[in-house]
Amino acid sequence: MPLDPSFIGRTYPPTAPYEVGREKIREFAVAVGDANPAYTDPEAAKALGHPDVIAPPTFPFVITYQASAQVVEDPELGLDFSRVVHGDQKFTYTRPVRAGDRLAVTVTIDNIKSMVGNDILSVRGEVHDEGGEHVVTAFMTLVARGADEAGE
Amino acid sequence: MAISFDEVEVGTVLPAQSFPVTRATLVRYAGASGDFNPIHWNEKFALEVGLPDVIAHGMFTMAEAIRVVTDWVGDPGAVVEYGVRFTKPVPVPNDGVGAVIEVSGKVAALLDDRRVRVDLVAMSGGQKVLGMSRAVVRLA
């Protein structure tokens with residue numbers, strides 16, 4: 001059954017703050033094999049003008065993806081996650097995520113459309129710090145392959 | 001050391017890089033990112049859902065591709081926008097060798113406020129694995 005387009009525009013309550021730690025940033029940087037010292041050495045980060053180590057550009061997805069579980073697992077929406085693939089992803093940054101941040105995500109369903117039996121779900125996660133300042137927005141498109149799709 | 005806006009023009013080529021990815025890479029990325037979808041580590045499951053093999057996380061490929069930009073500018077905080085489309089999966093065979101993601105990039109547009117748009121191309125196994133892969137960075 002196609003997803004209900006009346007969910008377009010629905011905004012979920014902000015998530016409880018995610019506290020960004022230096023060691024989590026280091027773990028992520030190591031996992032993507034990125035030796036940029038701005039991710040692990042506070043002095044190197046300061047030399048670039050950052051108050052503490054910063055996170056790699058795709059790190060915010062760790063937080064926004066967790067937050068999007070509200071949508072993905074919303075029983076009223078009824079998304080079949082076993083049929084979902086990641087279609088596209090975009091970030092717009094006001095500043096990089098950094099150690100010490102306490103970040104809350106506000107998730108909104110931007111769009112739902114059906115194309116050749118597939119449901120395409122566009123979800124936006126706006127990330128703000130403890131002071132309410134915008135840090136980054138993540139735009140994610142998920143494609144749920146239609147249950148009747150032939151050839152798979 | 002930082003790249004100056006005045007040094008670049010449309011067509012300026014960024015140093016290309018190759019990023020190896022093995023099953024061990026994917027297990028490590030799953031742990032660090034919290035994305036434990038079994039298509040990224042369980043071959044039996046991946047085959048059952050119609051994939052050719054275990055595939056890399058799209059977000060792993062996205063993380064590698066931007067390194068061509070962040071290594072070029074030095075300060076990863078210079079990235080003000082970054083987006084990709086996941087066009088093809090990156091199959092990662094369990095042969096001890098895995099796959100390689102090859103990334104190239106060039107300056108596609110000069111923008112206001114000393115910003116430039118970089119267009120990236122990411123290939124693996126002869127296939128283009130990212131589409132519309134673009135970053136906007138603010139230069140010195």
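**Figure 1. Packing around helix 1 of chain A.** The buried residues of helix 1 of chain A pack against helix 3 (60-72) of chain A together with helix 1 (23-33) of chain B. Two residues are in contact if their C-beta atoms, placed from the backbone, lie within 7 Å. Helices (H or I, at least four residues) and strands (E, at least two) are DSSP runs, numbered from the N terminus. This is a predicted model, in which local features need pLDDT of at least 70 and side-chain atom pairs count only at pLDDT 80 or more, while totals for chains, interfaces and linings use all residues. Residues are numbered from 1 along each chain as its sequence is written, and chains are lettered from A and ligands numbered from 1 in the order in which they are written. Helix 1 of chain A spans residues 22-31, and A:Ile25, A:Phe28, A:Ala29 and A:Ala31 are its buried residues. They fall within an arc of 160 degrees seen down the helix axis, so they line one face of helix 1 of chain A. The arc is that of the directions from the helix axis to the C-beta atoms. A residue is buried if 20 or more other C-beta atoms lie within 10 Å of its own, exposed if 12 or fewer, and partly exposed in between. A:Gly33, just after the helix, has a positive phi of about 70 degrees.

**Figure 2. Helix 1 of chain B and its surroundings.** In helix 1 of chain B, B:Thr25, B:Leu26, B:Tyr29, B:Ala32 and B:Ser33 are buried. Their arc about the axis of helix 1 of chain B is within 130 degrees, so these residues line one face of the helix. The cover over them includes helix 1 and helix 3 of chain A, along with strand 1 and helix 3 (58-65) of chain B. Just after helix 1 of chain B, the phi of B:Gly34 is positive, about 80 degrees.

Figure 3. The axes of helix 1 of chain A and helix 1 of chain B come within 9 Å and cross at roughly 155 degrees. This makes the two helices roughly antiparallel, a term for angles over 145 degrees. Axes are lines fitted to C-alpha atoms, for helices over the stretch in contact, and angles run from 0 to 180 degrees between N-to-C directions. A:Glu27, A:Phe28 and A:Ala31 meet B:Arg28, B:Tyr29, B:Ala32 and B:Ser33.

**Figure 4. The contact between chains A and B.** Chain A gives 29 residues to the contact and chain B gives 28 residues. On the side of chain A, helix 1, helix 3 and strand 2 (84-93) each give two or more residues. Strand 2 of chain A supplies the largest share of that side, eight residues.

**Figure 5. The largest nonpolar core.** This core has 79 residues, and those with the most contacts inside it are A:Ile25, B:Val21, B:Ala65, B:Val69, B:Val79 and B:Val137. Strand 5 (residues 134-144) of chain A gives the largest share, six residues. A nonpolar core is a set of buried Ala, Val, Leu, Ile, Met, Phe, Trp, Tyr and Cys residues joined through C-beta atoms within 7 Å. Not counting residues up to four places away in sequence, B:Val79 touches A:Pro57, A:Tyr93, B:Ile66, B:Val69, B:Thr70, B:Ala135 and B:Val137.

**Figure 6. The surroundings of B:Ala2.** B:Ala2 lies in the segment before strand 1 (13-21) of chain B. B:Ala2 counts as exposed because it has 11 C-beta neighbours inside 10 Å.

Definitions and conventions. Angles under 35 degrees count as roughly parallel, over 145 as roughly antiparallel, 65 to 115 as roughly perpendicular and the rest as oblique.
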